[in-house]
Amino acid sequence: MKKHTSPSTSPVATSASPELDATAPYIGGQSWPDFIEQVKLFHGYAAPGVLLGGIMVELARKRLPEGTLFDALAETYSCLPDAVQMLTACTIGNGWLKVLDNGRYALTLYDKYTGAGVRVAVRSDNLQNYPTLHDWLLNLVDKKDQDENQLREEIRTGGAKICAIEAIQVDKNFLGKVRKGRVVPCPICREPYPLRDGAICLGCQRGTPVELIERHSTSSLEPQLKKVPVDDAVGKALLHDMTQIIPGRSKGPVFKAGQVLNAGDLCQLHLMGRENVFLRDELPDEKEWVHENEVAAAFGKAMCGDGSTADGEAREGKVKISAAVDGLFIADEARLESFNAVPGVMCASRHSYTLVKQGQAIAGTRAIPLYLPRKYYLQATTILEKGALFKVLPLRKAKVGILVTGTEVFRGLVEDKFAAIVTNKVKNFDAEIVSSEIVPDIADEISAGCKRALAAGADLIVTTAGLSVDPDDVTRKGLLAAGLKDDLFGMPVLPGAMTLTGKIANAQILGVPACALFHKITAMDLLLPRLLAGLEIKRNDIAKLGHGGLCLECEKCSFPHCGFGK
Ligand code: ZN
């Protein structure tokens, strides 16, 4: 069992320290002047942040039950971690102090087994009583103009008063030490690293500044290959595919890697404008270089997730990835970007959430040079190891219940147009309408309508209207009464800002605002495929819709062949 085994000067367990006395606070069992001296020794000078940090450590520690074995969490790298390391046994190196840089001057000490603890944070509430401390905290004064003595004095007398203290519970996942596991040498830098980070070390994945300076600049993107005049190459095997492009007519490999040239080929090579070739007997060192076709084949295979497939063999260093089923295409955009940040490789894809048919292209990937440095190959494959980049999710044939809300339509004063609009849209996805009814703007009626739709077997209930700010708009209330959960209301899409999604029992709910009566394409058109693909709609996904979520309402609508929702 791990145990703090610190010398008595850095007590881990809480001691019954006296209440913090603002006139003469004792920090870690020592007087304020002694504490200042200790800070000078540890930190290099008596930094105000460490002094304030000392008071915060003291405030937190004396609120923990006596004898508690605690860990520490600082929410900034500035000064505060030093106060913790000086005054407790918790250090960054021994793992008992963690820093989660939120940029807040806050410190938590917590029971390392249960997570129960105390958070002390600098607040702005009482700062007006300590003008020098105020100006220092808000960084309003140049360091050279700082009245150091006055500042220290205000920290001594006011430090405890400007802090908020609260009992907190640290998340269970945060407790305990992260084990390193197996350590292996990195194939690129040869330095040992924990294997859990991937096939190469994190430094080589990210490119540390040292590497950028010392290693990048010397590494070339091409091995030194000897070019051979075509007339001397008869009877020898080619190293690479060769493409002939006839403008507007054809583009493809005329010569394949490994093909042995005969006398008749010379004429064609000359016609293609090739005077020199690379030959297979000039193979570069396999430990250092990976051939383009091998690169592309490996990338293609690793990128394909459910519903996608890499087409055949790599050709000319390139692989095409296609949809294996009809459905909704989804790319892991963050990792695609990381992949493309690696030198010498590329992958281009469609936009996420595009509807695709089986066989349609969704992405293409290739190596840029004929031989890719193995270092970049490993960098790129490490990114792909974490899971496929692309998938195509088939859409289910939904059983749709339509619930048109509106007292005016219910009474027949206004003719309903909504049921037809919704029906058209969902029928484009082969959905079956299992129920369709009109209910007045009364929450209980809407709730009852939902339940009837569920009873009819609906797995997707589309409600219309009643979602605006009007007092008579009660659709949401009605849905909540029917058991609406996981609901998201409001999204960054125009038109369709008042759209609602959620679930009632196992049925998906899509609340379509009245704007869908006037606008041909709205948020509904963006969300419907996602719902039919069985995607859980989360706040994050919704937030992403904002970029590209503005419909231009073109006179002639070309959706989905436009920027809306991309
Ligand atoms: Zn490395």
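Is Phe-390 buried or exposed, and what is its relative accessible area? Phe-390 is buried, at 1%, where buried means under 20% relative accessible area, exposed over 50% and partly exposed in between, for a 1.4 Å probe and protein chains only. The model is predicted, so local features need pLDDT of at least 70 and side-chain atom pairs count only at pLDDT 80 or more, while totals for chains, interfaces and linings use all residues. Residues are numbered from 1 along each chain as its sequence is written, and side-chain values use heavy atoms, with hydrogens and water left out.

The structure holds five aromatic pairs; rings of Phe, Tyr and Trp (its six-membered ring) pair if their centres lie within 6.5 Å, and planes under 30 degrees apart count as stacked, over 60 as edge-to-face and the rest as tilted. In one of the pairs, Phe-299 and Tyr-377 are stacked, 6.0 Å centre to centre with 15° between the planes. Because Phe-299 lies in helix H9 (residues 292-303) and Tyr-377 in helix H11 (residues 374-385), this pair ties together parts that are 78 residues apart in sequence. Helices (H or I, at least four residues) and strands (E, at least two) are DSSP runs, numbered from the N terminus. Phe-299 is buried at 0% relative accessible area, and Tyr-377 counts as buried at 12%.

Phe-390 forms a tilted pair with Phe-329, 5.7 Å centre to centre and 35° between the planes. Phe-329 lies in strand S15 (residues 327-331) and Phe-390 in strand S20 (residues 390-393), so the pair ties together parts 61 residues apart in sequence. Phe-329 is buried too, with a relative accessible area of 0%.

On a 1 Å grid over the protein atoms alone, a pocket is an open set of points with protein on both sides within 12 Å along at least five of seven lines, a cavity is a set where a 1.4 Å probe fits but cannot get out, and lining residues have an atom within 4 Å of a point. Grid points are joined across faces, edges and corners, and a volume is the space filled by probe spheres set on the points. The largest pocket has a volume of about 990 Å³. Its lining has 34 residues, of which Leu-355, Leu-395, Phe-429, Pro-529 and Pro-560 lie nearest the centre. Elements giving two or more residues to this lining are S15, strand S17 (354-356), helix H13 (418-427) and helix H16 (523-532). H16 gives the most, with five residues.

The second largest pocket has a volume of about 690 Å³. Of its 23 lining residues, Glu-333, Ser-352, Tyr-353, Arg-530 and Lys-544 are the closest to the centre. S15, helix H10 (333-340) and helix H17 (539-544) each supply at least two lining residues, and the largest share, three residues, comes from H10. Arg-530 lies over the face of Tyr-353, at 3.5 Å from the ring centre; a charge sits over a ring if NZ of Lys or CZ of Arg is within 6 Å of the ring centre and within 35 degrees of the ring normal.

There is one cavity of 30 Å³ or more. The largest cavity is lined by Leu-20, Asp-21, Ala-22, Pro-25, Ile-55, Arg-156 and Ala-160.
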